[in-house]
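I opened this entry to record what I looked up in the model. My notes follow in the order I made them.

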Amino acid sequence: MTAIDPTAHLSAEQIEELGRELDAIRDEVIADRGEKDAAYIRKVISAQRKLEMASRGVLLFSIFPPAWLIGTAGLSVAKIMDNMEIGHNVLHGQWDWMRDPKIHSTTWEWDHVSPSDQWKHSHNELHHTYTNVIGKDNDLGYGIMRVDEDQKWHPFHLGQPLWNFLNACFFEYGIAAYDLELGKNLSKRRRRNPEFRARARAVGRKIRKQVLKDYVIHPLLSGPSFPTTLAATFTANLVRNIWSHSVIMCGHFPEGVKVFERRSIEGETRGQWYLRQMMGSANISGSRAMHFMTGNLSHQIEHHLFPDLPSNRYAEVAVKVRALFEKYELEYVTGPLPKQVFSAWHKVFRLSLPNRKQPAAGTPQRERELVAV
Amino acid sequence: MVTTPLLPSDYLDLVSPLRAGADLRGRIEAVHPETGDCATVVIRPGRGWRGHTAGQYVRIGVDVDGRRLWRSYSITSPTNRRDGRVTITVKAIPGGKVSNHLVRRAAPGTLIQLDQPAGDFVLPPTKPAKVLYLTAGSGITPVMGMLRDAEFDDAVMVHCAPQPHDVIFRDELHGLVADGKLRLTEVHTGTDGRLDIARLDELVPDWAERETWACGPAGLLDAAEERWSEHGVRERLHTERFRPAVAVVVGDGSGGGEVTFSATGRTVEADGATPLLDVGEEAGVLMPSGCRMGVCFGCVTPLKAGAVRDLRTGEITEAEPGVLIQTCVSAAAGACDIER
């Protein structure tokens, strides 16, 4: 925790009481999960599949510009739905309670180059457990960026606006590399590890299938529309990548989000864990359509508190969670997408340079200094 | 390749869930009430349905409150039904999630999951000369499948139900009696008390000569098995049990532990009395299930680590490579790891 710990006004007892209140919110939704929720996810999955088929059908005639536009837009939306509202949430086990083997975290595979089981490990187990803990949560800058003053600066970080832009464009590959922990595993000794090699082969197979579908088979089926369909699938993947990258940056990078020191989570209680999730996440405000297209990660705070509640329930949960933020006098970080994206990018640029020695007045981020816990 | 990461069937399922080659499903076409708490469900099975033998049951997976639950029900339709539909007849049992849903809430048009029919409580290929059906309550359902399927020269039925209006298929049974195809004795347990198996001597004097199919509560079947054994004609008695043969829960129910479902990556606390099948289902794990009473082995699952207790016998099974347990009649005996 930092010197200007925004939770310093809470007593240990209050933190545990907060935890109990959050548990109650969770229990209420779990007791109420049922037919309507099941119908919701089935409807979304069915709509996604129909949209994808229709868009790919239209793209068979992508040589005609209106068909290209409609098909590309439809396919982009379909891919975003697949990754965000469906894939991410199914893989979190949000729908496991239905016990439908076709919609279950252990059987689901998504339109993404990272195989779902590898993503589940790095995302569900590491990121969600160690959210925003420096040195433990690799989502903090994905190992290529510095997103907090407390992370050590290296000349490599000078290029991070460029790294971040490239990561946005090829986000699914970035995630696959990240799930493989390439940075760590490419060292000479680890490269030969059979477990790593098996995982790398699985990623290779997944990439091959995805590339074949989007960049070979679909364009070939389009006949004379080959080049335009190729451009369309590439564009749809690009749109999906930039969109999901933006949404995800908004979850933990905007100004106001807190990071935590490794030692601060030793012996963490349930209440403290909840509190870390509350302080370490940020929401995106907007319309229902916006929430849907972000896979309800616009309710990032609620998602981090209750990663396995069905995504369609986050909106109603958010009202209660926000009331708790007010009750306990905590800052609920939220804002419209452009503002949050700007804020996150601003941080990426700012922290590409080393910390200034003298903190400027009025910018609390720079006043931070680590305190031993 | 075209549909990766999905399969073509994922798309075909959107338009044609009952086609050949699809996972076996059925569509509920109608629900007809039989008695106050019992209804017949008419199901159009998918193209992959292989057909049943009279007396068999089918496992069905129904979404109740959004959760998929599997249960077994006897098939009550004849094997040669023209329209290819099959029926099951369901009695709503108190607290029964699936039975109450099917009897009171299921709507025509609903898709359900099916397994191929199973069970060896069936008629033999060659018709026996004299048969006896000994049934109680919803135990009549597999027998009704048999009565509708074949005619017998000499068929006798002894059926127990609390009151006359509780007798499922009563009109149809009386129709068979009127046509001289069946001799029927109704035992109304609400007024007459439970059937004493010794009364068979009086109701059906030649019972020991008859090929007998018995289905009903455990008490009745246990008594029948004993009686038939005493007379040395045990091989003429065929039984079908709907409920566990031995009262579930041995001991005081203590000795539970932490149960890990390693394939799903979930860990939950369980007591020593709750079947692991229920524990897993509650935790959202994809548990295979069947009869839920230790008979059909539809739920067997590898035990990776730890120990479990058989709720019928109290026997402890410890993890070893290749050890399979029946999750529906096993509870945690300390920490254990179930491979699901």
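I began with Val90(B). Which residues does Val90(B) contact, leaving aside its neighbours within four places in sequence? I found Cys38(B), Ala39(B), Val41(B), Tyr73(B), Ser99(B), Leu102(B) and Val103(B). Contact here means that the C-beta atoms of two residues, placed from the backbone, lie within 7 Å.

Notes on the source. This is a predicted model, where local features need pLDDT of at least 70 and side-chain atom pairs count only at pLDDT 80 or more, while totals for chains, interfaces and linings use all residues. Residues are numbered from 1 along each chain as its sequence is written, and chains are lettered from A and ligands numbered from 1 in the order in which they are written.

**Cores.** I looked up the largest nonpolar core next. It has 52 residues, and Val90(B) and Val143(B) touch the most other members. Strand S8 (residues 154-161) of chain B gives the most to this core, six residues. There is a second, separate core of 50 residues, which includes Val90(A), Tyr130(A), Phe253(A) and Ala282(A). For a core I took buried Ala, Val, Leu, Ile, Met, Phe, Trp, Tyr and Cys residues joined through C-beta atoms within 7 Å. I call a residue buried if 20 or more other C-beta atoms lie within 10 Å of its own, exposed if 12 or fewer, and partly exposed in between; C-beta atoms are placed from the backbone. Helices (H or I, at least four residues) and strands (E, at least two) are DSSP runs, numbered from the N terminus.

**Helix H2 of chain B.** This helix spans residues 97-105. Which of its residues are buried? I noted Ser99(B), Leu102(B) and Val103(B). They cover an arc of only 90° around the axis, which puts them on the same side of H2(B). The arc is that of the directions from the helix axis to the C-beta atoms. These buried residues pack against strand S2 (38-45), strand S3 (57-64) and strand S5 (86-91) of chain B. On the face turned away from the buried side I found the exposed residues Arg104(B) and Arg105(B).

**Chain A overall.** I counted 15 helices and zero strands in chain A. Its radius of gyration is 21 Å, close to the 21 Å that the globule rule gives for 373 residues, so chain A is as compact as a globular protein of that length. The radius is taken over C-alpha atoms, and the rule is 2.2 Å times the number of residues to the power 0.38. Along the principal axes, the C-alpha atoms fill a box of roughly 65 × 50 × 45 Å. Buried residues make up 42% of the 373 residues. Of the contacts in chain A with a separation of 6 or more, 70% come from residues 24 or more positions apart.

**Helix H4 of chain A.** I checked residues 116-127. The buried ones are Ser116(A), Gln118(A), Trp119(A), His123(A) and His127(A). Seen down the axis of H4(A), they fall within an arc of 165°, so they line one face of the helix. Their cover includes helix H3 (65-91), helix H6 (171-179) and helix H9 (194-221) of chain A.

**Where the chains meet.** I found 17 residues of chain B in contact with 26 residues of chain A. H1 and strand S4 (67-74) of chain B are the elements that give two or more residues to the side of chain B that touches chain A. H1(B) gives the most, with three residues. By class, that side has seven nonpolar, four polar and six charged residues. Ala, Val, Leu, Ile, Met, Phe, Trp, Tyr, Cys and Pro count as nonpolar, Asp, Glu, Lys and Arg as charged, and the others, Gly among them, as polar.

**Backbone.** Most residues other than glycine have a negative phi, and most peptide bonds are trans. I logged some departures. Thr4(B) and Pro5(B) are joined by a cis peptide bond, with omega about 5°. Pro5(B) sits in the segment before helix H1 (8-15) of chain B. Glu181(A) has a positive phi near 50°, and its place is in the loop between H6 and helix H7 (182-185) of chain A. Is Glu329(A) buried or exposed? Glu329(A) is exposed, with 10 other C-beta atoms within 10 Å. Its phi is positive, about 55°.
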